[in-house]
Amino acid sequence: MEYKYNYLKKLPERQKDPETCCGSTKQGKKYINPWPSATPRAAAKNSNIGSEFLKAYIKNAFVEREKNTSLKVDLDLKSINEYHEDDKNIAMQLTWLGHAAFLLQINTFTILFDPFLSGRASPISFAGPYRCRGRGFKKFSELPPIDFVILSHNHYDHLDKKTIKEIYADKRNKKRTQVFCPLDLKKWFVGIGIPEKQVTECDWWDEHEVIRIPESVDITNEEAINEALNSSSNRKITICTVPNQHFSGRTGSDNNETLWAGWVIKSQDITYYFAGDTGYRSLPDICPEEEIENYPYCPVFKQIGNIHGPFDIACIPVGPVIPPHMMSVVHTTAGDAVNIHLDCKSKHSIAMHWGTVENLGVDNIESGPAELREALDKKNIPHEEFHDVYIGQIIKLEKKN
Ligand SMILES: [Zn+2]
């Protein structure tokens, strides 16, 4: 049977409450992180940590990409293309494409999260953070058609114009691929030529049911749609938008004018959480380990766990973290990534936002996994519960029964 339509149905809104289901908040034109955990910290007194960071960052920014050979990635395109939604055993298949980019195959849908899959994460081509790892495929025609592109926010290392254009240049995706993005980001997509009806803007806690409707069904007839829905649960998923602690901006003058978010995908078999780019708590540059817990943490991960958890699998960022007074507000240390893993009730987490993009901060690009294992040891959590994967690695989750 041919399946033509991805039918979107918005579910009723949840009652917002700062304690249990915190809604997005704006001050004037700008979104804010409405929690004490996002309080900015000054650089340590008598320290030049801020200016040292800036100097190192600017120096690194002008390193020519070509001097750093892009490391090859092996992507198992056969497994990706042979994934089949009717497989009796497999509930979902998740492939890390580097940084925050994941390819999720769940039920009949192929979803790309935060696809920064080109050269520079920067408005200019000759400077800025860059991908120093390959992506494992040359053209999008080598991948299955993309049903959804889901974005956490508009920073260059997550929202990449080159990759988005490449996706839509593939004729199978042109009319098919739907974008899900946080509030106020639709105009960016429309501005680069994506039809408005193919972009869905979402607020924190929005939920959309997505149903693959057979071509034969008249989509103007609600009864026919409902019938199609009830006939096959494995042609349906729910896409939920959830809060996180971050910021947005691309031009220098548009700071926080668009929202940031994490995402939850649910099927009849699996619950998946993509935390996006996020901080957990704001720390000063110098903070003895025993004092960390004195600083407030972001409450939304527990809210997400209570409302949508437990999760069968979660993708949680680790780093960059230097210098702490600048980075901790918007990024997570390995220790705080473990806290997110616990708060959201994840059974199995994957570390992301490391190992791919050079000069995103001044941290070593390989930082993340070793620190994560240390943080897990401190809480007696087995390493298998929250681990790193290699770029191109595929994780398959089996159906429960
Ligand atoms: Zn970001």
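Me: How many bridges join strand β4 to β19?

Reply: The model is predicted, so local features need pLDDT of at least 70 and side-chain atom pairs count only at pLDDT 80 or more, whereas totals for chains, interfaces and linings use all residues. Residues are numbered from 1 along each chain as its sequence is written. Helices (H or I, at least four residues) and strands (E, at least two) are DSSP runs numbered from the N terminus, and two strands pair if DSSP finds at least two bridges between them. Strand β4 covers residues 90-96 and runs antiparallel to β19, and the bridges joining them number five.

Me: Which residue of β19 is the bridge partner of T95?

Reply: β4 (residues 90-96) and β19 run antiparallel. Within β19, T95 has as its bridge partner I394.

Me: Which strands stand at the edges of the seven-strand sheet, and why is one side of each left without a neighbour?

Reply: The sheet is open and its pairing is mixed, with the strand order β10-β9-β8-β6-β5-β4-β19. Each edge strand has a single partner strand, so one side of it has no neighbour in the sheet. The edge strands are β10 (199-202) and β19 (394-398).

Me: What is the radius of gyration of the protein chain?

Reply: The protein chain holds ten helices and 19 strands. The radius of gyration is taken over C-alpha atoms, and the globule rule is 2.2 Å times the number of residues to the power 0.38. For 401 residues that rule gives 21 Å, and the chain's value is close to this, so the chain is as compact as a globular protein of that length; its radius of gyration is 21 Å.

Me: Which residues have the most contacts inside the largest nonpolar core?

Reply: A residue is buried if 20 or more other C-beta atoms lie within 10 Å of its own, exposed if 12 or fewer, and partly exposed in between, with C-beta atoms placed from the backbone. A nonpolar core is a set of buried Ala, Val, Leu, Ile, Met, Phe, Trp, Tyr and Cys residues joined through C-beta atoms within 7 Å. The largest such core has 89 residues, and those with the most contacts inside it are F102, L104 and Y272.

Me: Which residues does a second, separate core include?

Reply: V321, in the loop between β15 and α8, is buried because 22 other C-beta atoms lie within 10 Å. M326 lies in helix α8 (residues 324-327) and counts as buried because it has 21 C-beta neighbours inside 10 Å. The second core has five residues, among them V321, M326, M327 and V330.

Me: Against which elements do the buried residues of α9 pack?

Reply: Helix α9 (residues 334-343) is mostly covered, with nine of its ten residues buried; among them are V338, I340 and H341. Two residues are in contact if their C-beta atoms, placed from the backbone, lie within 7 Å. The buried residues of α9 pack against α7 (300-308), β15 (313-317), β16 (349-352), α10 (369-378) and β18 (386-387).
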